[in-house]
Amino acid sequence: MRISIIDLGTNTFNLLVAEILIDKQINILHRSKYPVKLGEGGINQNYITDEAQKRAHLAFVEMKQIITSHKTVKTFGFATSAIRTATNGMEFVNQIHQDFDIDIEVISGNREAELIYYGTREAVGLDDEVVAILDIGGGSNEIIIANSEEIFWKKSYPIGMTRLLEQFQPSDPIKLDELKEIEAFLKDKLSDLIEALKTYSVKTLIGSSGSFSTLRQVILAEEKAEFQPDQTRYNIKLEDFNTLHKRFLESTLEERMQMAGMDSARVHLMVIASVFINFLVKESELSVLFQSAYALKEGALLDYLKALGESEKSIS
């Protein structure tokens with residue numbers, strides 16, 4: 001059986017096509033991403049602009065062709081922050097259904113966090129250690145404190161990178177007073193998170209978002225190391241992150257675009273994302289960073305597989 005998963009992120013749409021074999025093993029057939037920038041220009045007004053909807057429509061044209069060519073029997077779409085907070089979010093979802101016959105589920109921040117946990121747990125191979133999992137989105141940030149067996153704490157913060165970028169509109173490169181203003185804002189909004197990280201004595205932060213993937217790509221490019229697409233986790237040395245963070249702060253958009261390994265779809269968000277990660281490291285006891293190659297879409301696939309197994313058990 002072949003199924004498709006679409007993650008409708010605020011910045012990027014992600015498509016995953018997989019085949020579920022008879023023994024319940026998963027064979028990934030296709031992955032692709034689309035820099036739709038759904039939240040651009042309207043996210044802080046809780047509105048999806050006409051321009052963003054046009055970009056989304058073009059992405060769905062291509063995704064629908066891929067889904068059809070793979071002859072998938074089910075397609076699951078998951079809408080996150082930009083859509084769930086938009087006054088025209090359901091109108092957008094209904095239009096997608098009308099145009100492409102694809103159902104989109106608008107999920108809560110808590111549900112989003114759970115799916116991210118399932119995907120990251122699989123990619124990293126969690127054990128008894130209590131870790132923090134962070135998905136840096138354009139519209140929201142999901143943080144989960146958990147180990148392999150249990151989620152102890154989770155929360156979705158509606159302060160994603162697109163929201164922060166449009167709210168603060170920092171200079172290029174960012175100025176010191178602007179940096180301090182953003183950090184003061186984060187300190188106010190994330191006080192309960194910092195307390196939770198200390199309460200659970202969390203030392204390891206695992207990032208499952210495109211921002212962490214970009215960090216990995218840039219570091220590997222600078223080290224002239226080979227990128228291993230089948231590697232599902234990568235240790236980001238804290239000293240490498242600190243060096244790159246300083247470089248981001250001092251760089252212009254044009255300079256970042258020239259960095260080897262930089263994702264062009266994420267280049268405008270990397271300074272804010274780096275500030276967010278650095279804030280968490282500074283304010284807590286975090287000392288180990290990992291990047292997870294799996295996130296929401298893989299978590300949704302695993303959750304479906306689990307539900308499928310339980311359904312079969314109930315039938316039998």
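Q: Where is the place of Glu-129?
A: Glu-129 sits in the loop between helix 4 (109-124) and strand 6 (131-136). Helices (H or I, at least four residues) and strands (E, at least two) are DSSP runs, numbered from the N terminus. This is a predicted model, where local features need pLDDT of at least 70, side-chain atom pairs count only at pLDDT 80 or more, and totals for chains, interfaces and linings use all residues. Residues are numbered from 1 along each chain as its sequence is written, and side-chain values use heavy atoms, with hydrogens and water left out.

Q: And what does Glu-129 count as, in relative accessibility?
A: Glu-129 counts as partly exposed because its relative accessibility is 36%. Buried means under 20% relative accessible area, exposed over 50%, and partly exposed in between (1.4 Å probe, protein chains only).

Q: Next, strand 6 and strand 7: how many bridges join them?
A: Six bridges join strand 6 to strand 7, and the two run antiparallel. Strands count as paired if DSSP finds at least two bridges between them.

Q: What about strand 7 and strand 8, which way do they run?
A: Strand 7 (residues 141-146) and strand 8 (residues 151-157) run antiparallel, with six bridges joining them. They form a hairpin with four residues between them. Ala-146 stands opposite Ile-151 in strand 8, while Ile-145 faces Trp-153 of strand 8.

Q: Is strand 7 mostly covered or exposed?
A: Mostly covered: six of its six residues are buried. In a regular strand the side chains alternate between the two faces of the sheet. Here, Asn-141, Ile-143 and Ile-145 are buried on one side of strand 7, and Glu-142, Ile-144 and Ala-146 are buried on the other.

Q: Changing topic to the backbone: what is phi of Lys-37 near?
A: Phi of Lys-37 is near 55°, a positive value in a residue other than glycine. Lys-37 lies in the loop between strand 3 (26-34) and helix 1 (50-69), and it is partly exposed because its relative accessible area is 24%.

Q: And phi of Asp-101, positive or negative?
A: Positive, near 55°. Asp-101 is in the loop between helix 3 (89-100) and strand 5 (104-106), and at 59% relative accessibility Asp-101 counts as exposed.

Q: Last one: is the peptide bond from Asp-172 to Pro-173 cis or trans?
A: That bond is cis, with omega near 5°. Pro-173 is in the loop between helix 5 (161-168) and helix 6 (176-189). Most residues other than glycine have a negative phi, and most peptide bonds are trans.
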